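Please look through the model below before reading on. The text after it is meant to be read alongside the coordinates.

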Amino acid sequence: MGAGLSILTRADGERREHELLSPLAAFSDASVGRLVPERADALRTCYQRDRDRIVHCKAFRRLSHKTQVFLAPEGDHYRTRLTHLDYQLYPNTSHIHPHMCG
């Protein structure tokens with residue numbers, strides 16, 4: 001690891017959720033669990049694991065070359081369907097989960 005880099009644990013991520021999100025948010029440490037029980041991951045919250053399952057599944061990846069165009073007064077804004085959906089899933093969390101920035 002380089003200087004100044006540290007690994008955030010699941011507990012760190014859960015703490016940051018409480019610090020940065022609205023009190024009305026659905027916090028990952030308050031999840032009621034899964035239909036099929038899973039062991040807690042040391043690094044990722046349960047919601048991060050769910051996001052990773054979606055983002056890395058084949059059906060979601062098939063959206064990568066589909067373009068969605070929004071007309072704007074100053075010009076056209078191009079996004080792929082993949083980035084559009086990622087933004088819809090997590091619109092305000094790039095400051096919490098930096099790996100989601102793209």
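The paragraphs below go from the whole chain to single residues and their contacts.

This is a predicted model, in which local features need pLDDT of at least 70 and side-chain atom pairs count only at pLDDT 80 or more, while totals for chains, interfaces and linings use all residues. Residues are numbered from 1 along each chain as its sequence is written, and side-chain values use heavy atoms, with hydrogens and water left out.

The protein chain contains four helices and two strands. Helices (H or I, at least four residues) and strands (E, at least two) are DSSP runs, numbered from the N terminus. Read from the N terminus, the order of elements is α-α-α-β-β-α. The chain has 102 residues, of which 20% count as buried; buried means under 20% relative accessible area, exposed means over 50%, and partly exposed lies in between (1.4 Å probe, protein chains only). The accessible surface comes to about 7800 Å², and carbon and sulfur atoms account for 59% of this; the areas come from the Shrake-Rupley method with a 1.4 Å probe, and for residues only the protein chains shown count as cover. Of the contacts between residues at least 6 apart in sequence, 33% join residues at least 24 apart, where contact means heavy atoms within 4.5 Å.

Which residues of H1 are buried? They are Gly 13, Glu 14 and Glu 17. These residues are on the same side of H1, because they cover an arc of only 100° around the axis; the arc is that of the directions from the helix axis to the C-beta atoms. An α-helix has 3.6 residues a turn, so residues three or four places apart point the same way.

Glu 14 has a relative accessible area of 13%. Its side chain meets that of Arg 10 in a salt bridge of 3.5 Å, N to O, a salt bridge being a side-chain nitrogen of Lys or Arg within 4 Å of a carboxyl oxygen of Asp or Glu. Both residues lie in H1, four residues apart, or about one turn of the helix. Arg 10 counts as partly exposed, at 27% relative accessibility.

Glu 17 has a relative accessible area of 4%. Although buried, Glu 17 has no salt bridge, and the nearest side chain of opposite charge, that of Arg 10, is 9.7 Å away. What joins the side chains of Glu 17 and Ser 28? A polar contact of 2.8 Å does, the term meaning a pair of N or O atoms within 3.5 Å; within protein, one must be able to donate a hydrogen and the other to accept it, and residues adjacent in sequence count only if both atoms are side-chain atoms. The two residues are eleven apart in sequence and 8.1 Å apart in space, C-alpha to C-alpha. Not counting residues up to four places away in sequence, Glu 17 also touches Phe 27, Asp 29 and Thr 45.

Ser 28 belongs to the loop between helix H1 (10-20) and helix H2 (46-55). Ser 28 is buried, at a relative accessible area of 3%. Leaving aside neighbours within four places in sequence, the contacts of Ser 28 are Glu 14, Glu 17, Thr 45, Cys 46 and Tyr 47.

Across the whole structure, a search finds ten salt bridges. One of them pairs Arg 15 with Glu 19, with the closest N and O atoms 2.8 Å apart. Arg 15 and Glu 19 are separated by about one helical turn because they are four residues apart in H1. Arg 15 is partly exposed at 43%, and Glu 19 is exposed at 51%. Another salt bridge joins the side chains of Asp 41 and Arg 44 at 4.0 Å, N to O; Asp 41 is partly exposed at 23%, as is Arg 44 at 30%. Salt bridges also link Arg 34, Glu 38, Arg 49, Asp 50 and Arg 53 in a network.

Note on methods. Lys and Arg count as positive and Asp and Glu as negative; His and the chain ends are not counted.
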